[in-house]
Amino acid sequence: MTDLPQNATLIAEGVRFGTVKATDVLEDHLARIDAGEDEIHAFNLVLADEARARAAEIDAMVAEGRDPGALAGVPIALKDNMCTRGIPTTCSSKILGDWKPPYDATVVTRLSDAGAVVVGKTNLDEFAMGSSTENSAFGPTKNPHDTSRVPGGSSGGSAAAVAARFASVSLGSDTGGSIRQPAALCGTVGVKPTYGAVSRLGLIAFGSSLDQIGPFAHTVDDAALTLEVISGHDPADSTSIERPPLDLRSKLQMGAAGMRVGRITDLPSGASPDVQARLDEAFDALAAAGAEIVDVEVPAFGYGLTAYYLIAPAEASSNLARFDGVRFGNRTSAPDTNQMYMATRTDGFGAEVKRRIMLGTYALSAGYQEAYYGRAQKVRRLIANDFAAAYANVDVLLTPASPTVAFEIGDKASDPLAMYLCDTYTIPSNLSGDPGMSVPFGTGDGGLPVGVQVLAPALQDHTMFRAAAELERYMQDQQEGVAP
């Protein structure tokens, strides 16, 4: 039904006021899934029956005069590393099999309380380790803009689901860029909020000090609405900040006038010319809107990749130790317990997960912990300090979200280092805990999407959204032929 709204804000408004049926919106999205999912493979599991029951419940609430909530009737997809009670949560790994959690993640509960309709669990790089969604036990996800190319990762299924309009909004997790990089490659908005602003309870951990849940959406407004719903203090999560939900939508119309936008003069090289051209255009757009462009330095930015690939694998080796064939998921039989552990993990984990576990275990081993892990943590502090110094002079920073547009499936699969470089521009803000988001900003080589990354200080998510909204307005004006 082409006349139905597609954006989350419009869907929720229509459903709440009774001008649109949640069931009609859902069937519209399920029809797209039926038509395109076999080619895209965004989902590990489509929950059509459960979604239909939920949409009918939402319509019944409206008919009774009750307000279902801020996301009433909005079809949402969840990355398959977020616990859903009684529904398989696999992390795209054989080791979890069809494990069904006995509880919902906090974000899932908050979405439900706001009237959202979950349409499925999306594919990802196994245990969120990757930048292309090729490291999944269930096969790769493809980019809806060009199915010969990757959607990015690790939240590639969530990005593809929104880009293909299988869902109006989706949730992903971002440990080193796993929301922002696929958002850039798929042409969606993708947000990593301030660490601790969104509860991690029920997110199966990769790197506990780095992981953060955030939304993919068609528009900045949709992302803001979703983030307002899922943010806020969770007393059951020790990493949750004791603050109320984020206030974002009220800032979107403020414009960029008076903002100080930082251009990092010592930013690591590596962005392709087409991506760099879009970034330069973004600076020009904000300057034309009244922002001041300020040159700043973040000297430790370039060390982010090195520090991350010691810290994240170290945390992963600890977090994934629980998957031993005893407490969760699948078990491979063996003569004794130790052999069973080894056989289960050998059969259950994929190559990239094994690589990172071995690297992390080595970095934490006796005689090497201070030389590698300890020094990486010191570099992490330098990065945070350098960001803080830059933010003393600017409100936000702009960088590329991904060095290139989407690359072909298989192009980097045999070269882990080349794959790791995909996260050059996103990793530092995970190490500092600051928010970051990718905003679609035109196209590059082959007509493929380019994303510009907006970064801001911790707890200044609203300032980041303000700049992102201005970039979005500029692109809308360009598409409509309106002079800036």
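**Reading the model, feature by feature**

Modeller: In helix α4 (residues 106-113), the buried residues are Thr106, Val107, Val108, Arg110 and Leu111. Buried stands for under 20% relative accessible area, exposed for over 50%, and partly exposed for what lies in between (1.4 Å probe, protein chains only); helices (H or I, at least four residues) and strands (E, at least two) are DSSP runs numbered from the N terminus. This is a predicted model, in which local features need pLDDT of at least 70 and side-chain atom pairs count only at pLDDT 80 or more, while totals for chains, interfaces and linings use all residues. Residues are numbered from 1 along each chain as its sequence is written, and side-chain values use heavy atoms, with hydrogens and water left out.

Colleague: What do the buried residues of α4 pack against?

Modeller: With contact taken as heavy atoms within 4.5 Å, they pack against the strands β2 (75-79), β4 (169-174) and β6 (212-217), and against helix α7 (220-230). Just after α4, glycine 115 takes a positive phi of about 90°.

Colleague: Which residues other than glycine have a positive phi?

Modeller: Most residues other than glycine have a negative phi, and most peptide bonds are trans. Leucine 459, with a positive phi of about 70°, belongs to the loop between β11 (449-455) and α15, and it is partly exposed at 28%. As for the peptide bonds, the one from glycine 153 to serine 154 is cis, with omega near 5°, and serine 154 lies in the loop between β3 (117-122) and α5 (156-163).

Colleague: How many residues does the largest nonpolar core have?

Modeller: In soluble globular proteins, nonpolar side chains tend to be buried together. A nonpolar core is a set of buried Ala, Val, Leu, Ile, Met, Phe, Trp, Tyr and Cys residues joined through side-chain atoms within 4.5 Å, and the largest one here has 82 residues, with Leu398 and Phe465 making the most contacts inside it. Its largest share, 8 residues, comes from helix α15 (residues 461-479). Beyond its neighbours within four places in sequence, leucine 398 is in contact with residues including Val261, Leu279, Phe283, Val454 and Leu471. A second, separate core of 47 residues includes Cys83, Cys91, Phe206 and Ile383.

Colleague: How many salt bridges are there?

Modeller: A salt bridge is a side-chain nitrogen of Lys or Arg within 4 Å of a carboxyl oxygen of Asp or Glu, and by this rule the count comes to 18. Arginine 180 and aspartate 174 form one of them at 2.9 Å, N to O, and both of these residues are buried. Aspartate 295 and arginine 263 form another at 3.2 Å, N to O; this pair links distant parts of the chain, from strand β8 (residues 292-296) to strand β7 (residues 260-264), with the two residues 32 residues apart. Arginine 263 is partly exposed, at 35%. Glutamate 370 pairs with lysine 378, their closest N and O atoms being 3.5 Å apart, and lysine 378 counts as exposed at 52%. Salt bridges that share partners also join Glu352, Arg355 and Arg356 into one network.
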